[in-house]
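Open the model in your viewer and keep the selection panel at hand. The stops below go residue by residue, then element by element.

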Amino acid sequence: QLNFVPTSGPFTRGIFATAFVRTKTMPTKCSTEIYKDSSFVRIMKEVSLANVVGSNFCDIAYTMVEENNFIAQGAIDNLVKGAAGCAVQNMNLMCGWDETTGLDILSPVYP
């Protein structure tokens, strides 16, 4: 079972998502296995937009609320990890280049 709750705040950019998950399996174990080969997904203890802005990373964290109930949170920079970063990542794969080419050395951006 999964329930989403919108999050709003004084964010200049980025997307911060929260979901309530009911499962008998620890989500961190599953996610670590699922995303083990993903260059831009990081399983963290906690997520923050400050850690992803200007990058192509998606940070994911889980917090146990009670037995079998978790809060799942994710954060991305919607200007990089969004369509632009996806296009570069797909181009890299289509051209046979390393998936991270040009996406792992992004300089600080404003805003």
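Select Asn56 and show its surroundings: leaving out residues up to four places away in sequence, Asn56 touches Phe40, Val80, Lys81, Gly85, Gln89, Leu103 and Leu106, where contact means heavy atoms within 4.5 Å. This is a predicted model, in which local features need pLDDT of at least 70 and side-chain atom pairs count only at pLDDT 80 or more, while totals for chains, interfaces and linings use all residues. Residues are numbered from 1 along each chain as its sequence is written, and side-chain values use heavy atoms, with hydrogens and water left out.

Asn56 sits in the loop between E3 and E4; helices (H or I, at least four residues) and strands (E, at least two) are DSSP runs, numbered from the N terminus. With a relative accessible area of 0%, Asn56 is buried; buried means under 20% relative accessible area, exposed over 50%, and partly exposed in between (1.4 Å probe, protein chains only). Draw the distance from the Asn56 side chain to the side chain of Gln89: the two make a polar contact at 3.2 Å. A polar contact is a pair of N or O atoms within 3.5 Å; within protein, one must be able to donate a hydrogen and the other to accept it, and residues adjacent in sequence count only if both atoms are side-chain atoms.

Next come the charged pairs. How many salt bridges does a search of the whole structure find? The search gives three, a salt bridge being a side-chain nitrogen of Lys or Arg within 4 Å of a carboxyl oxygen of Asp or Glu.

- Select Arg13 and Asp77, whose closest N and O atoms are 2.7 Å apart in a salt bridge. The pair links distant parts of the chain, 64 residues apart: Arg13 is in the loop between strand E1 (2–5) and E2, and Asp77 is in the loop between strand E5 (69–76) and helix H2 (83–94). Arg13 is buried at 11% relative accessibility, and Asp77 is buried at 0%.
- Select Asp59 and Arg42, a salt bridge with its closest N and O atoms 2.7 Å apart. This pair also links distant parts of the chain, from Asp59 in strand E4 to Arg42 in strand E3 (residues 41–44), 17 residues apart. Asp59 is buried at 0%, whereas Arg42 is partly exposed at 26%.
- Select Lys36 and Glu33, a salt bridge with closest N and O atoms 2.9 Å apart. Lys36 is exposed at 54%, and Glu33 is partly exposed at 48%.

Now select Ala19, Val21, Val41, Cys58, Ile60, Tyr62 and Ala72, the seven residues of the largest nonpolar core. Such a core is a set of buried Ala, Val, Leu, Ile, Met, Phe, Trp, Tyr and Cys residues joined through side-chain atoms within 4.5 Å. Strands E2 (15–22) and E4 (58–66) are the elements that give two or more residues to this core, and E4 supplies the largest share, three residues. A second, separate core has six residues, among them Phe16, Val47, Leu49 and Ala61.

Finish with the cysteines. The structure holds zero disulfides, a disulfide being a pair of cysteine sulfur atoms within 2.5 Å. For Cys30, the nearest cysteine sulfur is that of Cys58, 16 Å away; Cys30 is partly exposed at 33%. For Cys86, the nearest cysteine sulfur is again that of Cys58, 13 Å away, and Cys86 is partly exposed at 38%.
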